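Welcome! Take a moment to look over the structure below, and then we will walk through it together, beginning with a single helix.

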Amino acid sequence: MELRELRYFVAVAEELHFGKAAQRLGMAQPPLSRAISQLEQRLGTALLERTSRKVTLTVAGGVLLDEGRAILGAVTAAERRTRRAATAHPGIVLAVKSGTGGELLTKLLDAYAAESGAVTVELLLCEAHQHQLLLQDGQADAALLHLPFDSAAGLDTETLCTEGQVAILPASHPLASRSHIRMADVTRLPELPMARWPDPSGSYPEGPGAEVRNLTQLFQLVALSRTTVVVPESSGADLRRDLAAVPVLDAPPVTTVIAWPPHSRLRTVAELIRVATLL
């Protein structure tokens, strides 16, 4: 298969409409239809079920869609990394969730900057579950992840620290003055339902809690008594005055790791990882 054919097929499979796919690709519909038919003939299987009303994927088509996205993503990543490597002074792009980082991130950046061969570290602020895609498609070289909340599947990692969790509550809430609480105390607050984070597909689980994507948005909603959340201790540091962080004794520990693509060969990234493990 050629990359051109994969791009054509992925466009049709995502749009499930030849006309819309042709418009997205900037081409006429007849040659697009011919290209897909030729691809099916070469593979010896139908990829799409076509009727006068709709287009659907076959089982084989679903497999090729997943594989095609991965291949095209890898090509895009290779192009990005190659161009960056060719620049006179390529820096490092480190992905971190908006509103997180705190003391650990500051220590990492300061320690790395003190190294003799240090390059510029650009922070790429992202939302929940975006790290993996940013690393895979070459937009980021490394990322700080919090396990088990973030997925490290398909990535290499080094553990940096493990910490407990705290509940973020309005400062005026009765539980805010406690020295510690338990998960049952947090989940039994009908007036403050637990916030809901999106999964990797962008979908939210069912529930009454507010839909959130980053800590800045979340903390604003907690301050307005719309929701609550349990987060790593470091995320609850230096809170605004109308919020309180209360340790949750039986919440599972959170492990912070630095992650990178397993095929990365950048010396500068390797040096950043080395420095991170020494913190």
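Helix α3 (residues 29-43) has 15 residues, and from its first C-alpha to its last it reaches 21 Å, close to the 21 Å expected at 1.5 Å a residue, where the expected span is 1.5 Å times one less than the number of residues. Helices here are DSSP runs (H or I, at least four residues) and strands likewise (E, at least two), numbered from the N terminus. This is a predicted model, in which local features need pLDDT of at least 70 and side-chain atom pairs count only at pLDDT 80 or more, while totals for chains, interfaces and linings use all residues. Residues are numbered from 1 along each chain as its sequence is written, and side-chain values use heavy atoms, leaving out hydrogens and water.

| Helix | Buried residues |
|---|---|
| α3 (residues 29-43) | Leu32, Ala35, Ile36, Leu39, Glu40 |
| α9 (residues 267-277) | Thr268, Val269, Leu272, Ile273, Val275, Ala276 |

The buried residues of α3 fall within an arc of 135 degrees seen down the axis, so they line one face of the helix; the arc is taken from the directions from the helix axis to the C-beta atoms. Turned away from that buried side are the exposed residues Arg34, Gln41 and Arg42. After α3 comes Gly44, with a positive phi near 75 degrees.

The buried residues of α9 pack against β3 (92-97), α5 (102-113), β6 (156-163) and β10 (254-260).

Stepping back, the protein chain has nine helices and ten strands, and 39% of its 279 residues count as buried.

Note on methods:
Buried < 20%, exposed > 50% of the residue type's maximum accessible area, 1.4 Å probe, protein only. Contact = heavy atoms within 4.5 Å.
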